[in-house]
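Please keep the sequence and the coordinates open while reading.

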Amino acid sequence: METSLTIAEVARRTGLTAYALRYYERIGLIAAVSRAPGGQRRYASADMDWLAFLLRLRETGMPIQGMQAFAGLRSQGDASVSERREMLEAHLAEVQARVQALQQSMQALSLKIDHYRAIEGKVRAKRPSLSGTAPGRKTSDDEHTSKPAQQQRQQRQPALRARAGQAPGNRR
């Protein structure tokens, strides 16, 4: 890498805007960047490495306040290594929990997609000729509903009517 990069070059390489880079410097996420004689910011490779890490923290959902706290600890040098490690361990645990939740959601989505593919296969196999036969009223999700769930709904209906002032046999 070059010895120093302009803000435009850093923006292009990181995907951040020049405004975001200035903002990160203003709020203390980035230490004051060295300047060229004309006052232009010049980013060193160490600045780029730090920006890459900040982008990872952002990508994993760490809020700006957390990133600022981490940057503050980092500025203290080796005296804060334990605190930084603990902070990253806590953040990693949060990321792992989100990943696990996403994996469970992905599994549920995959099961539902498989369910619909199976139904599509049955529908194609049963598809009548173009004789104008109307499809039934039952949906594919109704077929997937378990019998106990259907029985529970039927058992609750008289109780709901009774609460509404209707006896099971006396409808108005």
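**Layout of the chain**

Read from one end of the sequence to the other, the protein chain runs α-α-β-β-α-α-α-α-α. That amounts to seven helices and two strands. The model is a predicted one, and everything described here is computed from it.

The protein chain has 172 residues, and 21% of them count as buried. Its accessible surface comes to about 12,900 Å², with 53% of that area belonging to carbon and sulfur atoms. As for contacts with a separation of 6 or more, 48% of them in the protein chain are between residues 24 or more positions apart.

**The pair α1 and α2**

Helix α1 covers residues 7–14 and helix α2 covers residues 18–26; their axes come within 9 Å and cross at roughly 100°. Angles from 65 to 115 degrees count as roughly perpendicular, and α1 and α2 are therefore roughly perpendicular to each other. On the α1 side the contact is made by Ile7, Val10 and Ala11, and on the α2 side by Ala18, Leu21 and Arg22. By class, the residues of this contact of α1 with α2 are five nonpolar, no polar and one charged.

**The pair α3 and α4**

The crossing in which α3 passes α4 is right-handed. From α3, the residues Trp50, Phe53, Leu54, Leu57 and Arg58 meet Met67, Phe70, Ala71 and Arg74 of α4. The contact of α3 with α4 has seven nonpolar residues, two charged and no polar ones.

**The pair α4 and α5**

Helix α4 also packs against α5. The axes of α4 (residues 64–75) and α5 (residues 81–126) come within 9 Å, and the angle at which they cross is roughly 155°. An angle over 145 degrees counts as roughly antiparallel, which makes α4 roughly antiparallel to α5. The crossing of α4 and α5 is left-handed. Here Gly66, Ala69, Phe70, Leu73 and Arg74 of α4 meet Glu83, Arg84, Met87 and Leu88 of α5. The residues of the contact of α4 with α5 comprise five nonpolar, one polar and three charged.

Leu57 lies in helix α3, which spans residues 45–59. With a relative accessibility of 4%, Leu57 counts as buried, because the cut-off for that class is under 20%. Which residues does Leu57 contact, leaving aside its neighbours within four places in sequence? They are Met62, Met67, Phe70, Leu88 and His91. Leu57 and Leu92 are 35 residues apart in sequence, and their C-alpha atoms are 9.8 Å apart in space.

Leu88 belongs to helix α5. At 29% relative accessibility, Leu88 counts as partly exposed, since that class lies between the 20% limit for buried and the 50% limit for exposed. Neighbours within four places in sequence aside, Leu88 is in contact with Phe53, Leu57 and Phe70. Leu88 and Leu57 are separated by 31 residues in sequence and by 9.3 Å in space, C-alpha to C-alpha.

His91 is likewise found in helix α5. Is His91 buried or exposed? Its relative accessible area is 7%, so His91 is buried. Not counting residues up to four places away in sequence, His91 touches Leu57, Thr60, Gly61 and Met62.

Taken together, the contacts of Leu57 include Phe70 and Leu88, while those of Leu88 include Leu57 and Phe70.

Conventions:
Residues are numbered from 1 along each chain as its sequence is written. This is a predicted model: local features need pLDDT of at least 70, side-chain atom pairs count only at pLDDT 80 or more; totals for chains, interfaces and linings use all residues. Side-chain values use heavy atoms; hydrogens and water are left out. Helices (H or I, at least four residues) and strands (E, at least two) are DSSP runs, numbered from the N terminus. Buried means under 20% relative accessible area, exposed over 50%, partly exposed in between (1.4 Å probe, protein chains only). Contact means heavy atoms within 4.5 Å. Accessible areas come from the Shrake-Rupley method with a 1.4 Å probe; for residues, only the protein chains shown count as cover. Axes are lines fitted to C-alpha atoms, for helices over the stretch in contact, and angles run from 0 to 180 degrees between N-to-C directions. Angles under 35 degrees count as roughly parallel, over 145 as roughly antiparallel, 65 to 115 as roughly perpendicular and the rest as oblique. A crossing is left-handed if the near helix is turned anticlockwise from the far one by less than a right angle, and right-handed if clockwise. Ala, Val, Leu, Ile, Met, Phe, Trp, Tyr, Cys and Pro count as nonpolar, Asp, Glu, Lys and Arg as charged, and the others, Gly among them, as polar.
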